[in-house]
Amino acid sequence: MKAITYHHYGSADVLQLEELEKPIPKADEVLIKIKASTVNRTDCGFRNPEFQFIKLISGITAPKAKVLGSEFAGIIEAIGDKVTRYKMGDKVFGLSTYTFGTHAEYICKNENNSMAIMPNNYSFEEAAAVCDGLMLAYANIRKIDFSTPKNILINGATGAIGISALQLVKYFGATVTAVGNTKNLELLKSLGADKVIDYTAEDFTKTNEKYDVVFDAVGKSTFFKCIKLLKPKGVYFSTELGPYAQNIPLALFSSWFNGRQLKFPIPKDSREDIEFFKMIIEEGKYKAIIDRTYTLEQVPDAHRYVELGEKTGNVVIHN
Ligand SMILES: NC(=O)c1ccc[n+]([C@@H]2O[C@H](COP(=O)([O-])OP(=O)(O)OC[C@H]3O[C@@H](n4cnc5c(N)ncnc54)[C@H](OP(=O)(O)O)[C@@H]3O)[C@@H](O)[C@H]2O)c1
């Protein structure tokens with residue numbers, strides 16, 4: 001089968017098209033013919049780690065997983081003897097977060113891994129373009145108590161995580177201020193933002209409004225710049241570690257800040273969460289946003305675009 005591999009860390013030039021053995025499913029696995037995947041910021045971060053500690057996971061001297069790609073949508077082409085959840089021909093979507101491998105024509109997944117039958121109202125391209133952003137956003141949003149009304153600000157609301165966060169908190173009934181650039185303000189309103197801030201014209205940290213939650217989905221602010229925006233007991237989330245990785249100690253000691261807290265949950269995926277994503281998609285409460293589409297052979301170009309940090313939503317690869 002065709003796959004895009006990398007054997008060394010570095011720029012997108014390390015990625016190459018390679019012929020690999022087609023995988024064979026074990027007894028509890030399914031073989032998926034991948035119809036669509038994505039290139040996301042995690043792929044770029046594992047190809048060329050900014051922080052050396054990433055290599056403790058990805059491989060000290062060279063990458064352990066030779067094929068990147070963490071999202072997929074496809075068709076089950078073969079099943080192991082013990083598989084009960086799926087049958088041949090099922091259309092599935094999901095995540096391959098820590099093992100990667102979706103920039104290929106085929107992948108084998110354990111039937112209990114983070115995947116589900118595809119939403120019935122989605123194309124393969126749309127189904128591939130939702131799970132990573134949703135999983136990373138939901139890791140934070142599930143820490144919010146929605147039993148009382150919440151006023152939430154999302155910075156970087158136009159990225160894969162931000163667009164997911166915006167739609168998820170609207171699903172849970174929050175009032176949302178979304179921060180993005182000029183060209184995307186109408187998109188943010190169409191996805192449910194009650195108020196928008198154009199970051200090219202206004203610094204959101206200077207607003208006088210008070211929020212229950214500030215979620216910096218692009219990690220460009222800091223807890224200290226946002227603390228004055230938080231109501232008493234307000235929570236700040238960020239997708240980045242912050243200057244000098246300050247968000248880790250701050251998450252441990254933020255009870256010192258007069259009830260205002262920084263939370264930095266470790267994201268993890270599950271089959272149950274993918275089922276939840278499928279449900280909100282089929283209810284018409286979640287829209288996949290696709291910026292650009294590339295072929296498998298063009299994955300290096302997709303990396304070059306994604307690592308600019310300027311995409312709106314997701315970049316899809318179709319096989
Ligand atoms: N915690 C984790 O496990 C984890 C995992 C993956 C990624 N991340 C991090 O999470 C962040 C977001 O990821 P993503 O996948 O959503 O990124 P993305 O899809 O590349 O989106 C980033 C978005 O932020 C916008 N943006 C850029 N500068 C901005 C600014 N100053 N203010 C507001 N918006 C701005 C960009 O649009 P314009 O440039 O057009 O404005 C773009 O739409 C990245 O920093 C990434 O490294 C964290």
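Student: How many nonpolar, polar and charged residues does the shell around the ligand have?

Tutor: This is a predicted model, and in it there are 26 residues around the ligand, with Thr158, Gly159, Ile161, Asn181 and Thr239 coming nearest. Divided by class, the residues of the shell number 8 nonpolar, 13 polar and 5 charged.

Student: Which element gives the largest share of the shell around the ligand?

Tutor: The elements that contribute two or more residues to this shell are helix H1 (41-47), helix H5 (160-171) and strand E9 (175-180). The shell also draws at least three residues from each of domain 1 (2-132 + 268-318) and domain 2 (144-263). With 3 residues, the largest share comes from H5.

Student: How many residues does the contact between the two domains take from domain 1, and how many from domain 2?

Tutor: The domain assignment divides the protein chain into domain 1 (2-132 + 268-318) and domain 2 (144-263), and the centres of these domains, taken over C-alpha atoms, are separated by 28 Å. On the side of domain 1 that touches domain 2, the residues divide into 3 nonpolar, 4 polar and 4 charged. The contact takes 11 residues from domain 1 and 8 residues from domain 2.

Student: Are helices H4 and H9 roughly parallel or roughly perpendicular to each other?

Tutor: The axes of H4 (residues 131-141) and H9 (residues 271-282) come within 11 Å and cross at roughly 110 degrees. Angles of 65 to 115 degrees count as roughly perpendicular, and therefore H4 is, relative to H9, roughly perpendicular.

Student: What classes of residue has the contact of H4 with H9?

Tutor: On the H4 side the contact is made by Cys131, Leu134, Met135 and Tyr138, and on the H9 side by Asp273, Ile274 and Phe277. Sorted by class, this contact of H4 with H9 has no polar residues, 1 charged and 6 nonpolar.

Student: Which strands are the edge strands of the open sheet of 6 strands?

Tutor: The order of the sheet is E10-E9-E8-E11-E12-E13, with parallel pairing, and from one strand to the next the twist averages 20 degrees. An edge strand pairs on one side only, and this holds for strand E10 (195-198) and strand E13 (261-263).

Student: Which residue in E12 does Val213 stand opposite?

Tutor: Strand E11 (residues 211-216) runs parallel to strand E12 (residues 230-238), and 5 bridges join the two. The residue in E12 that stands opposite Val213 is Val235.

Methods:
Residues are numbered from 1 along each chain as its sequence is written. This is a predicted model: local features need pLDDT of at least 70, side-chain atom pairs count only at pLDDT 80 or more; totals for chains, interfaces and linings use all residues. A residue is near a molecule or strand if its C-beta atom, placed from the backbone, lies within 6 Å of it. Helices (H or I, at least four residues) and strands (E, at least two) are DSSP runs, numbered from the N terminus. Ala, Val, Leu, Ile, Met, Phe, Trp, Tyr, Cys and Pro count as nonpolar, Asp, Glu, Lys and Arg as charged, and the others, Gly among them, as polar. Domain bounds come from an automatic or database domain assignment. Axes are lines fitted to C-alpha atoms, for helices over the stretch in contact, and angles run from 0 to 180 degrees between N-to-C directions. Angles under 35 degrees count as roughly parallel, over 145 as roughly antiparallel, 65 to 115 as roughly perpendicular and the rest as oblique. Two residues are in contact if their C-beta atoms, placed from the backbone, lie within 7 Å. Two strands pair if DSSP finds at least two bridges between them.
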